[in-house]
Amino acid sequence: MTALLEATDLVKHFPASRNLFGRPTSFVRAVDGVSFHVEAGETLALVGESGCGKSTVSRLVLRLIEPDAGSVRFEGRDLLALDANELRAFRRQAQIIFQDPYASLNPRMTVGQILGEPLALHELVPPNARRARIEELLRLVGLEPRFARRYPHEFSGGQRQRIAIARALAVEPKLIICDEPVSALDVSIRSQILNLLRDLQDRLGLSYIFVSHDLAVVKHIADRVAVMNLGGIVETAETDALFAAPLHPYSRALLSAIPVPKPQAKRARIILQGEMPSALNPPSGCRFHTRCPFTVERCRLEVPELRQEQRHGTGHAINHAVACHRVGELPPAEAVVPSDGGFSPVLEKLVAAFSHPVEAAAVAGVNKVSTSGGAEAEGRER
Amino acid sequence: MMASPLIDIQRLRVLFHGDDGRTTHAVDSVDLSVAHGATLGLVGESGCGKSVTSLAIMGLLSKQSSEVSGSIRFDGFDLLTAGDETLRDLRGNRLAMIFQEPMTSLNPSFTIGDQIIETILRHRGGSRRSARERAIQLLRRVHIPSPEKRVDEYPHKLSGGMRQRVMIAMALACDPRLLIADEPTTALDVTLQAQILELMRELRSESGAAIILITHDLGVVAEVCDEVAVMYAGEIVERAAVDDLFASPQHPYTVGLLGSIPRLDRRADHLATIEGMVPNMANPPAGCRFAARCPFVLDACTRAPPPLRELSPGHASRCIRAPLERLVS
């Protein structure tokens, strides 16, 4: 079966300085040989520190910026071969939601106009049916249909992010790229948006590429994770496998640093010394070697390849790939990820009082809707 | 039995008078105290009044547009009645503050050395040369590599994590007794956040300064604080030792917050959500301010404002239904 999206050896170098004649003289190597795939209905998370290239990757797969090398295939079709018309048609299949809902909505357009634009652009809905579709979209993301007449400034951050999600859904895409969609939101609002994204996935069969630096959020939402450092993927694995036993020293440092809401949580925190090197002049060999506690000579010289791990038959690490020369010699990964211990039974019951049935599930009226998702989840949580 | 606290805030209230004639109750009857060397976490979401509380302590609220009442006792002074000159002597000296965004709180047209030296000369005097020596020492103390060189650099040459270290170095310049840190790690990556939190812990144990850490991140609170105060709509709704708060929260808002963060060890298809909105603080509700969003609400909740009530030593909640265990057993 072909994957929904397959990116192979993506490269993007941005010119950082130019000579007198406008020729680039140095480059920021934002993305340097990145390959991954996303299956239909799946969530792949891209994680890493600021500047690791995760946002650039998300723009490359939509061709919002053009890669210097590599290929992106969507349902088997090569995106880089598309002409302008075909590219516009492809944009119906894949959409993006940005971090800052204050900046990504045009302040001079009403919500109705914002949602109507993609419908008109792609000639999806005849003009006389647009209003109904806009109202349907608003209900789908848990907003009231009458909001269509309002402007973005009249909404809170969480509501604006819902509008951005509705706009992405307007064209009935198969893939949505979520670039830090909840980072700018307060915790209680954040949980609403995360719940919404998950419901929409269940109901509409969406795939997500979820770009985030918040690892607890990633653990919650993603099926698979790709960890990026300085323009390259250093580890990919199923989410549970990665959090159970991260292999790459960089992944371990990241996961060990997660602040958990439990005082005196057991942890073996790995504090990286120094800062992320510049992508302008990345280190030779393994790009993590300047900060890695396990560096040997080979790490400075040879670039490690991302290789599938064959780990002792736990059945866990089937899809676990890591780019580290010393992966076999590293200390065991136990206790790297801090434990927050979950909730006490009493607290679990109290929290359940805040677990609301999925909003708008019953009224959405979209073809693929099944109302079972929310109700079941409720039952399971109790 | 208890030694007198380093800072003791009583009935702090901050009103903002808007241009349109509306008055917003940003902070209402907040009582807080922090012991010498302790770390208090002040937690809440945007607009709950946590930052305004810290600005009131620092005397940084504009006198034209805000009205501050109550008392803030610190080190023998009442900060609310102290004159501007006294406040200027205290700020940067015994009282220091770190802000969230280190780029906007450093002056881009002076070297980081100049900015640290300015603080030292203002409060400690002495020669410029000795102040420079001290600045280099401070940069070393916050683990900035090659501080002799860095001291002459401008803020734009430093990364976000480094800038936050410079801010901390500056705050520590005169050995403050109280350090207020307003979301000090929010703008940083998780690996840098870990470094800065480690640094704050280290400095606290070395210098014995008390810290008020303002954050929306309960994970950060659990890591560095001894005590926590949760704020909602301008009020403290719960106050407890950090272990008690996380093990047995006694205000529904705290429960909702805890349930809404994804946990590493808990599998839930749906996170808890707190429905509804924060009340309009120009016209706060008569009863409990959380009542409209609370799943445990009773009629009595909306009638009169609930008092902050101590349930067990050191654990207080502004909820008439507490202790909450009895609601689910």
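## Strands S1 and S2 of chain A

In chain A, strand S1 (residues 5-18) and S2 run antiparallel and are joined by 11 bridges. Strands here are DSSP runs of E with at least two residues, helices are runs of H or I with at least four, and both are numbered from the N terminus. Across this pairing, A:Leu5 stands opposite A:Val38 in S2(A). This is a predicted model, in which local features need pLDDT of at least 70 and side-chain atom pairs count only at pLDDT 80 or more, while totals for chains, interfaces and linings use all residues. Residues are numbered from 1 along each chain as its sequence is written, and chains are lettered from A and ligands numbered from 1 in the order in which they are written.

The two strands belong to an open sheet of four, ordered S2-S1-S4-S5 in chain A with antiparallel pairing; strands pair if DSSP finds at least two bridges between them. Strand S2 (24-38) and strand S5 (77-78) of chain A are the edges, each pairing on one side only. Helix H1 (residues 54-61) of chain A lies across S1, S2 and strand S4 (69-74), at about 115 degrees to S1(A). That angle, on a scale from 0 to 180 degrees, is taken between N-to-C directions of lines fitted to C-alpha atoms, for helices over the stretch in contact.

## A:Gln95

Where does A:Gln95 sit? Its place is in strand S6 (residues 94-97) of chain A. A:Gln95 is buried because 23 other C-beta atoms lie within 10 Å; the cut-offs are 20 or more for buried, 12 or fewer for exposed and partly exposed in between, with C-beta atoms placed from the backbone.

Beyond neighbours within four places in sequence, A:Gln95 is in contact with A:Ala168, A:Val171, A:Pro173 and A:Ile176, contact meaning C-beta atoms, placed from the backbone, within 7 Å. The C-alpha atoms of A:Gln95 and A:Val171 are separated by 8.5 Å, though the residues are 76 apart along the chain.

## Helix H8 of chain B

Helix H8 (residues 190-207) of chain B has 18 residues and reaches 25 Å from first C-alpha to last, close to the 26 Å expected at 1.5 Å a residue; the expected span is 1.5 Å times one less than the number of residues. Buried residues in H8(B) include B:Val190, B:Leu197 and B:Met200. Their cover includes helix H7 (215-221) and helix H9 (249-256) of chain A, along with helix H7 (160-172), strand S8 (210-215) and helix H9 (218-224) of chain B. Just after H8(B), B:Gly208 takes a positive phi of about 70 degrees.

How values were computed. Two residues are in contact if their C-beta atoms, placed from the backbone, lie within 7 Å.
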